[in-house]
Amino acid sequence: MDLQIALLLGQDGVTNGAIYALLALALVLVFAVTRVIFIPQGEFVAFGALTLASLQAGRLPGTVWLLLAMGTLIALIEGAAALRKRHFRRIPLILLLNCGAPLLLAGALVAVSSASLPLLVQVFLALLLVVPLGPMIYRLAYQPVAEASVLVLLIVSVAVHVTLIGIGLLFFGAEGSRTPSFTEVSFEVGDVLLQGQTLLVLVASVLLIIALYFFFERTIYGKALRATAMNRTGARLMGISGSLAGMLSFTLAASIGAFSGILISPITTIYYDSGFLIGLKGFVGAIIGGLASYPVAAAGAILVGLLESYSSFWASAFKEVIVFTLIIPVLLWRSLTTRHVEEE
Amino acid sequence: MKRSLQSTLLLLLFIVVLLLAPVLLPEFYVTLLNYIGLYAIVALGLVMLTGVGGLTSFGQAAFVGLGAYTSAYLTTVHGVSPWLTLPAGLLVTGVVALSLGLVTLRLSGHFLPLGTIAWGMSLYYLFGNLDALGGHTGMSGIPPLQFVELELKSGREFFYLIWAVLLVLVLGTRNLLDSREGRAIRALKGGSVMAEAMGVNTPRSKIVVFTLAALYASTSGWLYAHLQRFVNPTPFSLTQGIEYLFMAVVGGVSHVWGAILGAGLITVLKQWLQDWLPRLLGQSGNFEIIVFGLLMIVVLHRARDGVWPMIQRFFPQRLICARVDGVRPLTRRPLPEAGSVLLEVKDASKRFGGLLANDRVSFGVRAGEVMALIGPNGAGKSTMFNGISGVDPLTSGSVSFRGEPIEGLPAREIARRGMSRTFQHVRLLPSMSVIENVAIGAHLRGRRGFVAAACRADRAEESRLLHEAAVQIERCGLPEQMYEAAGSLPLGKQRIVEIARALAADPCLLLLDEPAAGLRYLEKQALADLLRRLRAEGMGILLVEHDMDFVMGLADRVLVMEFGQKLAAGRPEEIQRNPAVIEAYLGGVE
Amino acid sequence: MAGVDSPTMAGLAIAALFAGFIDAVVGGGGLIQIPALFNALPRELPATIFGTNKFSSVLGTSNAAWRYARRVQMPWRTTLPAAVAAFSCSYVGAMAVVWLPPAMLRPLILVMLIAAAAYTFWRRDFGAIHRPQHQGRREFAYALILGGAIGFYDGFFGPGTGSFLIFLFVRFFGFDFLHASAAAKVVNVATNLAALAFFIPHGHFLPMLALLMATCNVLGSFLGAHLALRHGSGFVRKTFFVRGEPLYPQIRARYLRLDLSRGSCGRTMPVCCGPVCSLCAPENRVGGTMKIKASTAGLVALLAAAFAANVQADINVGVTLSATGPAASLGIPEKNTVALLPTTIAGQKVNYIVLDDASDTTTAVKNTRKLIAENKVDVIIGSTITPNSLAMIDVVAEAGTPMIAMAASARIIEPMDAKRYWVFKTPQNDAQMATAIVEHMTNNNVRTVAYIGFADAYGEGWWNEFSKIAEVRKIQIVANERFNRADTSVTGQVLKILATKADAVLIGGAGTPAALPQKSLKEKGYKGIMYQTHGVANADFLRVCAKDCEGTFLPAGPVLVAAQLPDANPIKKAALEYVGKYEAAYGKGSVSTFGAHAWDASKLLANAVPEALKKAQPGTPEFRQALRDGLEKTRNLTAAHGVFNMSPQDHLGFDQRARVMVKVEGGSWKLVQ
């Protein structure tokens with residue numbers, strides 16, 4: 001292995017690691033706020049990428065149906081609750097928000113041929129289709145059991161994951177898709193050819209992480225989320241609604257997931273079930289960060305990416321064995337250095 | 001007892017149903033039941049590991065694989081008899097589980113589940129990449145099991161083997177959980193601090209329960225290999241590992257029968273969906289998993305403790321851990337002579353980062369006296385308790401107990417030497433009965449291990465332990481609440497249960513952290529009487545308490561702390577007159 | 001109209017009568033009519049059924065509306081805007097029915113039917129005083145929005161619209177029941193007309209049946225409206241809420257076996273059938289939730305009956321394939337193909353029972369046992385992948401059931417032994433394909449080759465065969481790399497291959513995932529020859545790989561390039577027949593070679609069954625034995641992938657004709673001559 005190969009592998013590892021890092025951040029966020037270990041995080045990556053691919057192929061993405069169905073379900077649940085409490089005024093709003101908006105979006109997609117739109121508009125549409133799924137999933141699957149134990153929430157996550165995988169297969173089929181690059185530029189650094197898109201992934205990830213930092217430090221919603229993460233009861237006493245915080249964190253997680261998917265789909269093929277392994281590796285990164293520290297989670301994710309890249313060079317058949325075996329000592333080290341306070 | 005007779009009858013009925021099932025059911029349902037049995041064995045291990053012990057594992061499928069592959073390899077490549085491969089598989093799994101356990105069980109919190117995912121993945125890909133194990137394609141031609149002349153080829157024959165194994169394991173597990181070691185495992189879920197303070201070797205308990213669960217999985221794998229007569233890596237993947245956990249949780253993860261129910265529900269549901277959905281929707285394949293996932297979400301919404309507790313209501317509750325009278329009481333430890341020094345604390349300091357919680361505090365406790373530790377909130381009293389009892393060791397300073405240095409010893413070793421304590425924040429296992437909670441305190445006074453418990457050879461000792469627990473509960477004045485769930489008591493009573501648990505350890509030094517908080521006046525008086533009696537027996541008592549009347553009326557000596565430092569020490573009346581105490585602690589109210 | 005026999009007509013007429021009555025009184029008659037129609041006419045398009053349903057109910061509804069309008073002061077200020085909004089939205093809803101794929105519509109209908117039924121039973125008591133309120137601008141908006149929403153619903157689906165409307169008028173506009181019912185009828189007429197305005201011009205209705213049902217519906221609604229007006233609001237309320245004595249005697253629709261007992265089973269939805277009827281018998285006065293459960297169960301059962309396949313047939317063919325899980329891209333075309341297989345062979349009806357094994361061996365074995373024990377199949381086709389097929393061998397051999405595998409590895413049929421006696425397969429052996437590649441390599445002076453394949457049975461199978469043959473032909477293999485189907489990057493492997501400077505690279509993957517190494521190699525500047533395996537032979541691969549795959553070689557079954565085969569080749573006709581059928585059903589360019597393995601399996605059956613039928617009855621061990629023997633005796637059978645010549649030692653029986661070399665050129669497959 002010469003330096004050039006080492007560099008290329010490093011670059012590959014960091015690129016993948018950046019995506020894992022984004023997912024790790026989302027997972028840490030969701031866990032800290034809602035105690036949900038969000039296994040379906042990876043599905044947003046797949047849904048984001050595949051929705052964009054469908055739009056580019058001029059097909060109506062299946063996610064529209066999912067959005068409509070979940071919106072209707074929520075409208076029914078919320079509507080029934082409003083009826084029970086005799087808040088008739090709220091019904092039109094509930095209908096408009098949960099059914100009207102998705103319908104409008106669906107109508108727009110049917111009316112306009114999406115293949116001819118500029119790439120950025122397509123990306124925006126894809127995000128518009130996928131991101132609302134996050135809070136909707138929270139509302140339907142997690143909110144009713146928000147107070148349950150971490151184990152139960154985890155199992156709910158597994159069930160959601162299974163459902164989404166099935167839906168993904170139904171909507172997008174078994175074969176994968178790629179989307180065109182955002183940029184065709186490439187740079188030559190020494191002997192190494194750097195693809196513009198790879199660089200874009202890195203830059204965008206870093207930018208997103210910085211944006212998240214500002215969100216948490218500077219905005220009221222970000223602060224509310226942080227407060228909830230630190231002390232759920234305390235935050236509730238301060239008037240921060242737990243379900244709002246949950247919705248918000250899921251919205252963020254879905255945006256990060258879908259965005260990651262859109263970022264990497266030009267450099268790799270994404271399948272309906274790609275999300276699980278990508279999410280799992282993000283999860284490893286998140287755990288290395290103790291599901292609490294954002295920078296350590298990001299660093300952990302990059303570490304996973306690098307491990308993966310180098311081991312696929314040395315012994316590709318044993319790549320997963322190497323990655324996951326090497327993770328254990330890291331975990332051990334993390335576990336010993338993290339002061340684990342027993343829950344009262 | 002009538003209830004136990006009823007439950008025995010139910011068990012017999014269940015066995016009869018099992019015996020008849022293969023005769024009456026159509027072939028395919030027997031096949032399904034076989035798979036349910038196989039899954040239930042693994043889920044049973046998870047009930048013990050996750051539901052009871054609180055350790056989540058995603059990697060059980062890999063252990064199933066170890067059992068299956070060991071047998072497949074030995075029988076096909078080396079021609080070993082299938083019956084010999086069972087112990088071989090168990091041995092391999094045991095060794096692997098022990099070594100994995102030694103590493104991963106040190107992981108705390110969420111590191112543990114991830115650790116199990118990590119080695120689950122590793123083992124899976126290892127199976128797929130070893131040519132000797134047939135790689136990803138798998139190994140075929142595994143011989144069937146043979147009973148003398150009878151080859152267990154058909155599902156109906158195999159059925160009896162699988163369910164016999166399962167039944168033995170279920171009963172063994174149930175017995176195990178209803179024993180001294182079982183209580184220790186259950187104590188793990190409430191956090192290891194309390195268990196350690198009661199003398200439970202929590203790392204050992206974790207390793208044992210982890211290895212046991214792995215051995216269950218391995219047994220299931222051995223059965224699988226000879227039922228299927230083909231192995232390849234897919235059934236041992238992470239997905240399947242998750243599915244086992246799924247079964248356990250849906251069935252009811254804290255109940256042994258929940259394992260069977262969960263395995264049955266999931267297997268049958270999947271089958272029905274596959275049968276019915278295509279007829280409803282006119283196409284097959286894709287909708288099953290969607291509907292399955294949705295149904296599971298609904299089930300979890302409706303029954304987050306699993307389905308078994310819903311069914312359990314229709315069955316008579318077997319009263320486990322009932323008090324047994326007329327047994328030889330446990331031997332008591334000889335108490336030291338009254339007035340001899342029990343505990344000697346010298347220059348004890350505890351530092352949390354930049355905060356000095358205890359600053360060179362020295363004091364002693366003698367046998368047959370009540371020593372009270374008072375001071376405003378945040379003075380470092382509980383920190384001192386944790387330092388002495390080994391729950392959170394001191395940064396510097398020395399502690400000697402009955403003449404032996406004990407600083408640096410783990411809590412369970414200190415407990416073994418005769419010190420017992422209660423916690424400021426009550427640490428009871430809320431779903432367990434009061435008597436079981438108290439019996440955890442007597443953990444160190446029993447000897448019988450896992451095997452004895454599983455085959456019910458520990459009953460004599462168990463009844464002595466329970467008798468002791470009952471005696472302590474009565475002594476503390478809670479005889480009516482003995483069989484109630486500890487979590488259902490008011491907080492004050494829960495504190496009394498903590499004291500009873502500490503007493504069940506037969507201590508010579510008792511550390512009580514705010515025992516009177518939340519008690520009513522009469523209850524406080526009763527508590528004071530109890531403590532006086534204990535003192536008269538020659539026990540040393542170290543007490544943290546805020547109720548000044550209680551302290552001053554009871555304590556022989558008082559130590560006042562402020563900002564981690566010793567402010568004053570002396571007899572109660574001296575303390576009450578001490579100007580520094582009045583100034584700093586009583587805030588000049590008088 | 002063809003195919004609707006008189007008992008069906010009679011049953012539907014009774015259903016329409018009852019639906020009309022219910023509709024006139026409280027609405028929700030569609031809950032009876034639609035399941036009845038779906039049950040009676042399983043082969044019609046959903047749009048046709050809706051069209052017919054709407055036609056039959058519009059007259060009834062109009063009649064009721066007319067009768068109400070004559071007797072009740074119609075609150076036009078609210079009703080009119082609602083009706084207008086409902087009319088336009090309903091038209092859009094009807095368009096949506098036609099525009100949605102039926103595959104999607106059916107599950108949706110099921111769900112909506114259950115939801116509408118549940119709703120109908122969930123309602124609680126509400127006001128009886130006519131106190132019109134909300135007459136301002138906001139109420140106008142409400143009327144538009146809610147009327148529009150319900151209108152869309154009615155155009156799209158329908159059942160329950162009447163009751164939704166009544167609910168709307170009572171809740172939002174403070175009408176009492178009689179007024180609300182009257183207003184609801186008017187709006188309902190508007191929505192029905194709008195839907196018909198779309199359905200009829202597009203031919204989505206059955207005129208004769210619609211007329212008959214309309215007549216009955218009017219009759220029913222006449223009765224209903226008459227009773228409602230005579231007994232006033234109270235009667236309507238009773239029909240809504242009272243769970244007491246059945247007001248009407250039981251009417252038993254013989255054909256549908258509907259137990260139309262109102263009152264106990266529910267108010268408006270007494271649809272139940274089979275065992276569920278016992279739940280709904282009038283004497284069982286079950287509580288509210290129980291009723292919902294019972295009626296929902298009834299609906300499900302009815303729908304189940306409606307959608308169920310015909311179960312009476314003679315030859316049962318069990319199919320287990322990997323339609324989900326990692327091998328889904330192979331299993332789905334196979335599943336699609338099974339849907340195209342002939343339903344009769346030699347005059348005997350053939351049933352296909354298709355199960356999904358999710359690419360998992362345990363499930364495959366479970367499916368096999370089920371097919372044998374439960375469905376008593378005469379032959380099993382499957383599974384898609386090698387491990388699953390290997391695991392099934394023991395089971396089929398034990399049961400003495402012939403099996404035709406659709407997986408590639410030669411290990412499935414070799415070495416021939418007592419168990420493999422029962423096993424056949426249709427895909428070319430890996431070895432056969434690998435030989436073709438190695439030959440092509442030798443002819444093109446390839447000295448060194450690098451291999452990169454899936455880290456699963458597919459990649460492993462190819463490696464085993466390819467490395468063996470390459471060694472014999474003195475081609476040096478300089479790298480052996482693996483990657484996972486879902487990997488996002490193969491940079492490490494690709495760099496390693498580049499470092500070896502191999503003359504050629506063989507990629508052992510299936511479907512679109514096989515494009516990833518190729519694209520990476522191209523991106524990193526690899527210039528050598530690239531080979532793929534026949535696993536990539538579908539349109540999706542070309543779509544994803546695009547220009548990076550130009551010049552790639554792969555061996556494939558002739559079906560991939562059927563049109564380019566010389567006319568003299570007998571396979572051409574057989575292959576084109578399959579391609580034509582498949583593409584007619586699933587769209588141009590959708591065909592993949594994997595589906596053809598299922599097609600060939602059915603060809604083998606069609607060839608062997610007639611002889612076997614002469615020897616024994618289907619469903620007997622003798623028939624299975626005869627079928628097995630017949631399969632083994634297959635001679636010169638031309639199928640989509642080649643010509644079968646089986647023998648006791650060779651249960652595949654393909655020769656060189658079963659594979660061709662193909663090159664990717666200009667974004668499509670080109671036969672290499």
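# Reading contacts, cores and sheets in a predicted model

Colleague: How many residues of chain C are in contact with chain A, and how many of chain A with chain C?

Modeller: Two residues are in contact if their C-beta atoms, placed from the backbone, lie within 7 Å. In this case 29 residues of chain C are in contact with 28 residues of chain A. This is a predicted model, in which local features need pLDDT of at least 70 and side-chain atom pairs count only at pLDDT 80 or more, while totals for chains, interfaces and linings use all residues. Residues are numbered from 1 along each chain as its sequence is written, and chains are lettered from A and ligands numbered from 1 in the order in which they are written.

Colleague: Which elements supply the side of chain C that touches chain A?

Modeller: Helices (H or I, at least four residues) and strands (E, at least two) are DSSP runs, numbered from the N terminus. At least two residues each come from α6 (137–156), α7 (161–173), α12 (328–338), β10 (476–483), α17 (491–500), α18 (515–523) and α19 (539–545) of chain C, and α17(C) gives the most, with five residues. For classes, Ala, Val, Leu, Ile, Met, Phe, Trp, Tyr, Cys and Pro count as nonpolar, Asp, Glu, Lys and Arg as charged, and the others, Gly among them, as polar. By that scheme this side of chain C has 15 nonpolar, nine polar and five charged residues.

Colleague: Which domains does the assignment give for chain B?

Modeller: Domain bounds come from an automatic or database domain assignment. For chain B that assignment gives domain 1 (2–312), domain 2 (340–418 + 507–590) and domain 3 (427–506). The centres of domain 1 and domain 3 of chain B, taken over C-alpha atoms, are separated by 31 Å, and 19 residues of domain 1 of chain B are in contact with 20 residues of domain 3 of chain B. On the domain 1 side, α6 (155–177), α7 (180–189) and α8 (192–197) of chain B each supply at least two residues, and α7(B) has the largest share, seven residues.

Colleague: Which strands form the open sheet in chain B, and in what order?

Modeller: Two strands pair if DSSP finds at least two bridges between them. Four strands of chain B, in the order β6-β5-β8-β9, form an open sheet with antiparallel pairing, and its edge strands, β6 (355–366) and β9 (404–405) of chain B, each pair on one side only. Within the sheet, five bridges join β5 (residues 341–352) to β8 (residues 396–401) of chain B, and Leu343(B) has Phe401(B) in β8(B) as its bridge partner.

Colleague: Is Leu371(C) buried or exposed, and why?

Modeller: A residue is buried if 20 or more other C-beta atoms lie within 10 Å of its own, exposed if 12 or fewer, and partly exposed in between, with C-beta atoms placed from the backbone. Leu371(C) is buried because 30 other C-beta atoms are within 10 Å. Leu371(C) is found in helix α13 (residues 361–373) of chain C, and its C-alpha atom is separated by 8.6 Å from that of Val317(C), 54 residues apart along the chain. Of the 673 residues of chain C, 60% count as buried.

Colleague: Which residues touch the most other members of the largest nonpolar core?

Modeller: A nonpolar core is a set of buried Ala, Val, Leu, Ile, Met, Phe, Trp, Tyr and Cys residues joined through C-beta atoms within 7 Å. Of the 432 residues in the largest one, Ala24(A), Ala43(B), Leu44(B), Val449(C) and Val505(C) touch the most other members. Not counting residues up to four places away in sequence, the residues that Val449(C) touches include Met441(C), Ala470(C) and Val505(C).

Colleague: What covers the buried residues of α15(C)?

Modeller: The buried residues of α15(C) include Asp430(C), Ile437(C) and Met441(C), and among the elements covering the buried residues of this helix are β9 (448–454), α16 (457–472) and β11 (504–508) of chain C. After α15(C) comes Asn445(C), whose phi is positive, near 55°.
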